[in-house]
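Hi,

Here is the structure I promised to pass on.

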Amino acid sequence: MPRIRWAERCSARSTATLRPCTAWAIRGGAVCVAHGGGSPQARREAGRRLAEQAAQRMVARALDRWHRRTVVWQVRRVAVAAEMLGIAPERVGWAEIVWCHTVYGVPPLDDEAPRASDVRLPGRTARVLGGPAWRA
Ligand SMILES: [Zn+2]
């Protein structure tokens, strides 16, 4: 995945000319260093914003992995039931899957579907999102 570049212009205006500042804003921030982007508050807020965006991207990717895993799981279930019953996959429904599961032990039932919580998040995000506040 390519690195996402922060390319925002400073949102400040010159008090003398009233023209917008043309400098780049600090990464994660709205203003350049000359317009307050270098202050501790601005840096802290920019860091928080960047971390939040990174966490959102990681969660979105994890949900995407979970979704793909679930689709593959469902397709395999239907294929297994269709093969066992000797019918077309289009004719496999909930009842066929339950019947095959009851008789042969496969395919798995709905409650064995991949869970979103099984999808691994990168360490830092997992620690933040998996903490006590999130679990409550
Ligand atoms: Zn500026």
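Which residues does Ile26 touch, leaving out those up to four places away in sequence? They are Cys32, Val33, Gly37, Ala42 and Ala46, where touching means that C-beta atoms, placed from the backbone, lie within 7 Å.

Before you go further: this is a predicted model, in which local features need pLDDT of at least 70, side-chain atom pairs count only at pLDDT 80 or more, and totals for chains, interfaces and linings use all residues. Numbering runs from 1 along each chain as its sequence is written. The chain averages a pLDDT (the predictor's confidence in each residue, from 0 to 100) of 87, with 86% of residues at 70 or more. Helices here are DSSP runs of H or I, at least four residues, numbered from the N terminus.

Ile26 also belongs to the largest nonpolar core, along with Cys10, Ala25, Val31 and Cys32. Such a core joins buried Ala, Val, Leu, Ile, Met, Phe, Trp, Tyr and Cys residues through C-beta atoms within 7 Å; buried means 20 or more other C-beta atoms within 10 Å, exposed 12 or fewer, partly exposed in between.

Leu18, in the segment before helix 1, counts as exposed because it has 7 C-beta neighbours inside 10 Å. Its phi is positive, near 65 degrees. Gly86, which follows helix 1, also has a positive phi near 65 degrees.

One more for the backbone: the Val106 to Pro107 peptide bond is cis, omega near -5 degrees, and Pro107 sits in the loop between helix 2 and helix 3 (123-129).

Cheers

Methods. Helix = DSSP H or I, 4+ residues; strand = E, 2+ residues; numbered from the N terminus. Contact = placed C-beta atoms within 7 Å.
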